Amino acid sequence: MTAEPFLTDAGPFAEAERAAVYRAIHTRRDVRSQFTDRPINDATLLRLLTAAHHAPSVGLSQPWNFIVIRSEAVKLRAQTAFAKANAEAQAMFPEDRRALYSSLKLEGILTAPISLCVTCDHSRGGPVVLGRTHQPQMDVYSTVCAVQNLMLAARAEGIGVGWVSIFDPADMQQLLDLPNHVSAVAWLCLGHVDALYSEPELQAKGWAQRVPLADLVFAERWGRRA
Ligand SMILES: Cc1cc2nc3c(=O)[nH]c(=O)nc-3n(C[C@H](O)[C@H](O)[C@H](O)COP(=O)(O)O)c2cc1C
């Protein structure tokens with residue numbers, strides 16, 4: 001142990017602990033259809049939000065807020081906004097993919113007991129934020145880190161998370177009364193799950209495949225295979 005104040009031991013986890021971390025990463029799935037109606041208790045939800053709140057953030061600006069939505073009326077309005085955007089989205093794909101696209105279930109807003117909107121406050125931390133001086137988008141990246149923490153913690157809790165992004169942002173601003181300096185980064189559907197796909201659902205249904213890692217790793221500069 002070091003005598004330096006604030007430093008703490010940082011050795012590797014015990015083998016079973018490491019395995020648990022990788023299990024959460026590898027078995028997490030985006031969920032649309034498998035939600036049970038079992039409610040999420042407040043203590044569990046608080047653990048998930050606490051995990052999200054411990055994400056890294058640019059300049060420790062913590063630009064996130066978490067809007068917990070249980071109201072059926074609000075969920076219904078979100079589902080309506082999704083349906084409108086999804087019809088527009090379908091038309092954007094080449095004709096030969098439209099039938100498959102429309103067969104995919106891309107949200108579970110009405111069946112998940114909780115919807116959680118994770119927002120990014122672009123004014124958080126004031127006009128000059130450490131680390132954000134040259135790349136303002138770092139606040140959104142930070143917010144996404146919070147979402148990822150929440151998704152992994154949820155997997156460990158047996159709670160499925162489905163990210164719904166097929167919305168016109170203006171509909172979200174209005175639905176949730178967001179001020180102009182706040183954006184909705186993620187609409188997440190949360191609920192207990194008893195089963196999960198063993199591979200991404202989009203892969204199982206023939207929409208896309210996971211790319212081999214070796215195709216994506218370069219050495220020293222763009223394009224040079226490692
Ligand atoms: C930023 C983001 C937005 C997403 N938006 C949607 C969405 O609108 N609808 C949907 O069904 N899945 C959405 N997903 C889930 C992806 O389709 C899913 O993560 C991907 O197919 C891989 O599957 P897996 O998460 O189960 O491993 C989104 C995921 C991310 C990271």
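Modeller: Residues 25-192 have end C-alpha atoms 17 Å apart, and the span is 43% helix and 18% strand. This is a predicted model: local features need pLDDT of at least 70, side-chain atom pairs count only at pLDDT 80 or more, and totals for chains, interfaces and linings use all residues. Residues are numbered from 1 along each chain as its sequence is written, and side-chain values use heavy atoms, with hydrogens and water left out.

Biologist: What does UniProt place at 25-192?

Modeller: The unreviewed UniProt entry gives "domain: Nitroreductase" for residues 25-192. UniProt positions are in the numbering used here, feature names are shortened, and annotations may be inferred rather than shown by experiment.

Biologist: How many helices and strands are in the chain?

Modeller: The chain has 7 helices and 4 strands. Helices (H or I, at least four residues) and strands (E, at least two) are DSSP runs, numbered from the N terminus. The order from the N terminus is α-α-β-α-α-β-α-β-α-β-α. The C-alpha trace spans about 60 × 40 × 40 Å along its principal axes.

Biologist: Now packing. How do the axes of helix 2 and helix 5 cross?

Modeller: Helix 2 (residues 42-53) and helix 5 (residues 138-157) have axes that come within 7 Å and cross at roughly 145 degrees. Axes are lines fitted to C-alpha atoms, for helices over the stretch in contact, and angles run from 0 to 180 degrees between N-to-C directions.

Biologist: Which residues make the contact?

Modeller: Helix 2 brings Thr 44, Arg 47, Leu 48, Leu 49, Ala 51 and Ala 52. Helix 5 brings Ala 146, Asn 149, Leu 150, Ala 153, Ala 154 and Glu 157. Contact means heavy atoms within 4.5 Å. By class, the residues of this contact are 8 nonpolar, 2 polar and 2 charged. Ala, Val, Leu, Ile, Met, Phe, Trp, Tyr, Cys and Pro count as nonpolar, Asp, Glu, Lys and Arg as charged, and the others, Gly among them, as polar.

Biologist: On to holes. How much space lies in the largest pocket?

Modeller: The largest pocket holds about 340 Å³. On a 1 Å grid over the protein atoms alone, a pocket is an open set with protein on both sides within 12 Å along at least five of seven lines, while a cavity is a set of points where a 1.4 Å probe fits but cannot get out; lining residues have an atom within 4 Å of a point. Grid points are joined across faces, edges and corners, and a volume is the space filled by probe spheres set on the points.

Biologist: What lines the largest pocket?

Modeller: Its lining has 15 residues, with Asp 30, Arg 32, Leu 106, Trp 163 and Leu 202 nearest the centre. By class, 8 are nonpolar, 1 is polar and 6 are charged.

Biologist: And the second largest pocket: which residues are closest to its centre?

Modeller: The second largest pocket has about 180 Å³ of space. Ser 165, Phe 167, Met 172, Ala 184 and Val 185 are the closest to its centre, out of 13 lining residues. Strand 4 gives the most to that lining, with 5 residues. The lining is 10 nonpolar, 3 polar and no charged.

Biologist: What lines the largest cavity?

Modeller: Its lining is Arg 28, Arg 29, Met 151, Ala 154, Arg 155, Ile 159, Gly 160, Val 161 and Leu 196. The space in the largest cavity is about 50 Å³.

Biologist: Where is Arg 155, and what is it in contact with?

Modeller: Arg 155 is in helix 5. Leaving aside neighbours within four places in sequence, Arg 155 is in contact with Arg 23, Ala 24, Thr 27, Arg 28 and Leu 196.
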